Amino acid sequence: MTLPQSSSWIADILATLPDDKKQEFVKDLAYNQLSFAPVSGEVIAAKEAKEFFDKGKTGMGMLASLGALPLAGPLVRPALKGIGKTAGAVTKPLMKLRDPELRGNVLAGQSNYIDNYYAPSADVTPTALEKKVAEQYLKFKGRDTKPAMIDRTAQAGRGMLKWAADAPANVLDAALNPVSRALFKETGINRRSQQKIRKLLMGGSEDPKQLSRLLDKATAQGIYMMHTGQQAGRLGKLSPELEELASYSYLGDAYVPATKENFLKGVKQTETLRDGKKLYVPPKDLETAYSFFEKNFNLRDGAKLVIKQPTGKSGNHLGDLVTKNPTNAAGRKAAEKMKKTGMKRTPNNWREALIEQSDGGKNFNVLRQDKDGGVWVRSGTAAKPFVGTAVVEGGVAGYSKMYPNGNTISFMYDQHDFLEKIPAVGDILAEVLPKDVVAVAGPIHHNIFSNKWGKNLEYRKSSTTETPTLKKDPSRMTQEELQGLLTDITTVRPSGTGVAKEAAKVGAGFLTGVEGTRRLMEDEE
């Protein structure tokens, strides 16, 4: 049903309807008008999405969820309404075929990155329509509607719209394409993500200056595929290529139960050297690090754990903890103030100075001080978020034990909840991602005074404050080798037998309902 153009049009339609149909027409008309309104449409879309997910219709739930997006929803809903009807009719015979090996396939095709959503871009000029939608959204939220804020919000809306516009083809491909279904079932590789990785690699080949960052993004998309399958509860093996990517990205076994035993075993694999000697973290400190890990998340039963490599294209966590962690600057400010006032950097004074810099927990949280003088702090607040350089969106939690002499032992904790953090959509999609995946990096040893920002701060140079270095793994892939692995991931194909089985399940519905989207998907090959 299309939207009415005038009140006379409505009167003409009502005049042609029998009495028993008029009430139904008016009801449908009101529902459609509310569906396309910026605010009520979000509520209706969220309700419809939940109903689809409750019935096990993941693809339709995904489509309806996108209509709930605060900024993109008003522009997405009209297009999705027609697509949703087509997809719903075609996928109806498949609703009973909820293969556990396909869990997560519908969501794994989305990009793990939303352009201009988390940071402004000088290259993006919003259109008048985008600004109007942004202004309405800001007014509804009771927020500032100055031109700069409208432009920034419109930029985020454009990024969200681009991200959402990719979803219909992803859903149809994942649910109805026998090749895509067989590929994910046999290997854990989503065909649409495969295309995204290929496009990123092509961009790196065309512009070598961008290769390093594009490899970051391609690696992140591969990790996102694996994470999403785990979150959805997918059963089945990964391809050797994905297994190798996991080996490159993580230390030890990936996706093990998030238990204390696995945490302690995992973090001990990060080896740091000082003057050629291995640095050990006291068992009590590792126990404390786990207790903070456990309290930081509200993990559900069955949560999975990965221990991240501290460096590499999967994320430069070493660099983030040393240069991006907000508490490093806070520690230097505390020491600078103590220096100016002539206060000795005793353990007690050090703790009090850090508490002052925390500004009551606004900047970071001071958790406790151990008998050895080290103060445990937790970084990552609304006012001072800890955002690293990794491509996977979202902030992280940093836990550090900081000593008066600047020596610091740091850990980074990150829950993979990219989809769940998207406004309005997150709470809906979380229902089809019942498993938690958490990543840990550390322990990282560093000294917050031994750099250009702390050059004016005196500290007793000794063997304990010499710059530590991570122990290198001689077998770890180079950038060129990683590029080759990612290329291999884009060329993986399912078996002919697997495709035939999925074609038999999809049946004639695929041929009649998806033919209209075939060219769209083939154009991206």
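This is a predicted model: local features need pLDDT of at least 70, side-chain atom pairs count only at pLDDT 80 or more; totals for chains, interfaces and linings use all residues.

Look at Arg476: its charged end sits over the ring of Tyr248, 4.2 Å from the ring centre. A charge sits over a ring if NZ of Lys or CZ of Arg is within 6 Å of the ring centre and within 35 degrees of the ring normal.

Residues are numbered from 1 along each chain as its sequence is written, and side-chain values use heavy atoms, with hydrogens and water left out.

Next, ring against ring. Rings of Phe, Tyr and Trp (its six-membered ring) pair if their centres lie within 6.5 Å; planes under 30 degrees apart are stacked, over 60 edge-to-face, and the rest tilted. That rule gives 12 aromatic pairs. In one of them, Tyr250 and Tyr255 have ring centres 6.0 Å apart and planes at 75 degrees, so this pair is edge-to-face. Tyr250 is buried, at 2% relative accessible area, and Tyr255 is buried at 10%. Buried means under 20%, exposed over 50%, and partly exposed in between, using a 1.4 Å probe and protein chains only.

Tyr399 and Tyr413 make a tilted pair, 5.2 Å centre to centre with 35 degrees between the planes. Tyr399 is in strand β7 (residues 397–402) and Tyr413 in strand β8 (residues 407–415), so the pair ties together parts 14 residues apart in sequence. Both tyrosines, Tyr399 and Tyr413, are buried. Helices (H or I, at least four residues) and strands (E, at least two) are DSSP runs, numbered from the N terminus.

Which residues do ring pairs link into a cluster? They are Phe263, Tyr290, Phe292, Phe293, Phe297, Trp376, Tyr399, Phe411 and Tyr413.

Last, two helices. Helix α11 (residues 191–206) packs against helix α12 (residues 211–232) at about 170 degrees, with the axes 8 Å apart. Axes are lines fitted to C-alpha atoms, for helices over the stretch in contact, and angles run from 0 to 180 degrees between N-to-C directions. The two helices are therefore roughly antiparallel, a label for angles over 145 degrees; under 35 is roughly parallel, 65 to 115 roughly perpendicular, and the rest oblique.

Gln231 also belongs to α12, and Gln231 is buried at 1% relative accessible area.
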